[in-house]
Amino acid sequence: MNANETPPANPAKEPSSECLAPPASADPAAYPAASAPTTSRRSFLKAGGMLSLSSLMGAGALMTQSGEAHAAAEWAEHFQKNYRLMTAEEKDEARKRLERRYSREYEKPVTVDITGPQPGVLMGYALNVRKCIGCRRCVKACVAENNQSRGERPGERIEWIQVLRMERGEFSQDKMDHGYPEGLGIQVGGNAYTPAGQVLEGQYHYAPEAVPEKDATYMPIACMQCEKPPCVKVCPVRTTYREADGPVVIDYNWCIGCRMCMGACPYWARRINLTTPVLPKAEMNPVTHYLGNRPRMRGVVEKCHWCLQRTRQGRYPACVEVCPVGARKFGNLLDPNSEVSLILARKNVFRLKAELNTFPKFFYFYD
Amino acid sequence: MQQLTRFAADYVSYVLKGGTKFYAWMACLAALIIGMMYVFYLQNTDGLIVTGMTSQIHDGLYFANLVFLVGVAAGAVTIVFPAYVYHHEGMHKVTVLGEMLAISAVIMVTMFVFAHMGRPDRLWHMMPIIGIYSLNAMLGWDVLVLMGYLLLNAICGFYYLWTKYTGREVNKKFFMPLVYISIVWALSIHTVTAFLISTMPARPMWFHSMMPIRFITTAFAAGPCLIILAFLIIRNNTKMWVEDSAIKLLTTIITWCLGIALFLTMSEIVVEFYARTEHANGLYYLMFGLHGLTRLVPWFWGALILMVGAFALFLMPSVRNNMKLLPIPCVMAFCGIWIEKGMGLVVPGFIPSPIGEVTEYYPTFVEVLMTLGIWAFGFFILTILLKGAIGILQGEIKYGGAAAAAK
């Protein structure tokens, strides 16, 4: 979709009307200004920078761009341990190293949070499928919040949330001769659904004039943060794992890019960074978490982590905050009075592909 | 120790010498290998974006070749098993050649792993002690069995050659257990490779228990096809004579493994298409195309024709016993299986994606060159290993130098 639509701008105006839930702490004022300067001069400079960077890449392995300190940091990053095996001091050291490097690379103070899981917390998510209007603001807010790659080439554009657009099927007199299923099979007359849930790639990037569309329903999906995640089981280096408070995370520095986890995920929640992510300096979100939205590197897998940089600080994930219809709910499953717990207790809830026994902590419900 | 250094020196100096044909062959392979190095460099500076892989279809040509070549490596057991368990005379003389083939195939597999990884520079993370080695992961098991198989074949093969070189007797107490282990191990490598993809409920096309046996039958058809071709080349171009009885036994093995493989393909088609659930979409895409995307359809039918045709030819005594005609069905079966078990199995597993997206995969020039380069590297190694092995088996390299060999 259009790059100049500045996703975070919308929620700033709207939460008062629809998203009643977010508390005062969930305030986006910290960084949305980043998306404001969109002068053509800046983007021109950016483009030039990218061009020269890519042409330098080949010859530049020995000529480190920012001197020896940079090289030393890269070296240390390359030989650091798996995050889970690091001592508190090592984690802190890694954090400082990253903060220095990111601050220099993105030319602004960047923080890397290493807050661990808090006791008594098990994160859960619930989405009201009836309310979703398919506006895809969650998708854009997620990209802006989580520093995903946003280049021009297909492999450079990464979105963690997919809003599936499902066509409504219909039975009608004039379709009586065209039976379903198409092609093979017994013709039963009538035409119900075009195979629901199965669409071409293009249909995820639908661009209607207004949402919701009359002939469509929407089904947003992202990582389900399974309690029994198949992706974790197949990881040969245990770089992806379930944190104690629920989310399944990835140590980007330990990932070898074998993509077994992507094959194992029944929800297609994972993405591979086919190349160095395209993340313009001005758009980079400087509030990061080590296991969350810190800038990734080429060749590693990434996915939704329920905005650890926010949720571990008592804030809502960006998609929850931005949703204009309040379809998205997030909270602590261990707290019986949290919104999510109340939804589980009172509403009709279902999980996607429950038959696979992955036990998602992402629930769908309808009123 | 001195014997060992002489062995190495004699071996190297022997394999480096050859006629014009030999040097021309090696130069062609070397050119492709240089191309491969260049694209490997590209992949590790630009990233995998230079390939046709995407987040939807993230295993492509490399993974397909990896799966296929594990089969070729396992196929070497079709020589070792008859030689040591059934004491087949003709096979026994050429066992070591099969082991050399297994070694080169496993090396190619390893190279395809490197090509496939997003971060090959971090592969040390998989090593025990310095990294984390997970036996929860099927990939961990695959690495274990593949490295074990490489080691077993290298030990068995080179130990045998070493005894021939020095003129000693084979120490059976040490040698035979290793041979028997390597026979079972050969089955394990391909079984685990099948488990690698068949243990993912997220990919219904792969998620069935028929996968391991299908892998093994296709492997024991494709592997011996390559071995027969190598044997015929060796017979015609070197002093070594491979007996007809060995080749005939291999054709029998190929015929019936191919037959079973076709039967399994038929079973899969009937089971999937009778009910025609959404889980059959991958197979449907492969055979007929889905949503107008039909890129793999001609490949599937081509592979099927090649395999059925090869099966029919293998059944004809006039073809399978005629050493001039035999290469035809061998090449047909090899190519057919390469398509069916490579791209034809790996790619449709991703189509549609778990959330129903139908996309296609187009290997890029980078991938094609990389694949050719790795195959060239494999043949480079295979040529050297076979040349050295034949030299020793023929007694042209012997301890005591050229004088002893001349006698």
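A: In chain B, helix H6 (residues 138–166) packs against helix H7 (residues 172–198) at an angle of about 150°, with their axes 9 Å apart. The model is predicted, so that local features need pLDDT of at least 70 and side-chain atom pairs count only at pLDDT 80 or more, while totals for chains, interfaces and linings use all residues. Residues are numbered from 1 along each chain as its sequence is written, and chains are lettered from A and ligands numbered from 1 in the order in which they are written.

Q: Why are H6(B) and H7(B) called roughly antiparallel?
A: The angle between H6(B) and H7(B) is about 150°. Angles under 35 degrees count as roughly parallel, over 145 as roughly antiparallel, 65 to 115 as roughly perpendicular and the rest as oblique. H6(B) and H7(B) are therefore roughly antiparallel. H6(B) passes H7(B) in a left-handed crossing. The contact of H6(B) with H7(B) has 20 nonpolar, 5 polar and 1 charged residues; here Ala, Val, Leu, Ile, Met, Phe, Trp, Tyr, Cys and Pro count as nonpolar, Asp, Glu, Lys and Arg as charged, and the others, Gly among them, as polar.

Q: What makes H5(B) roughly antiparallel to H15(B)?
A: H5(B) and helix H15 (residues 365–393) of chain B pack at an angle of about 155°, with their axes 9 Å apart. That angle makes H5(B) roughly antiparallel to H15(B). The crossing of H5(B) and H15(B) is right-handed. Among the residues in this contact are Met100(B) and Phe112(B) of H5(B), and Trp375(B) and Phe377(B) of H15(B). By class, the contact has 21 nonpolar, 2 polar and no charged residues.

Q: How many residues does the largest nonpolar core have, and which have the most contacts inside it?
A: The largest nonpolar core has 207 residues, and Ala73(B), Val109(B), Leu258(B) and Ala333(B) have the most contacts inside it. A nonpolar core is a set of buried Ala, Val, Leu, Ile, Met, Phe, Trp, Tyr and Cys residues joined through C-beta atoms within 7 Å. Helix H5 (residues 89–116) of chain B gives the largest share of this core, 17 residues. Residues touched by Ala333(B) include Ala221(B), Cys225(B), Leu258(B) and Met307(B), not counting residues up to four places away in sequence.

Q: How do you know whether Asn147(A) is buried or exposed?
A: Asn147(A) has 24 other C-beta atoms within 10 Å. A residue is buried if 20 or more other C-beta atoms lie within 10 Å of its own, exposed if 12 or fewer, and partly exposed in between, with C-beta atoms placed from the backbone. Asn147(A) is therefore buried. Its phi is near 55°, a positive value in a residue other than glycine.

Q: Why is Arg276(B) called partly exposed?
A: Arg276(B) is called partly exposed because 15 other C-beta atoms lie within 10 Å. Phi of Arg276(B) is near 50°, also a positive value in a residue other than glycine. Arg276(B) lies in the loop between helix H9 (244–275) and helix H10 (281–288) of chain B.

Q: Where are the cis peptide bonds of Pro212(A) and Pro352(B)?
A: One joins Val211(A) and Pro212(A), with omega about -5°. Pro212(A) is found in the loop between strand E4 (199–200) and strand E5 (216–221) of chain A. The other runs from Ile351(B) to Pro352(B), with omega near -5°.

Terms used:
Axes fitted to C-alpha atoms, helices over the stretch in contact; angles between N-to-C directions. Helix = DSSP H or I, 4+ residues; strand = E, 2+ residues; numbered from the N terminus. Left-handed = near helix turned anticlockwise from the far one by under 90°. Contact = placed C-beta atoms within 7 Å.
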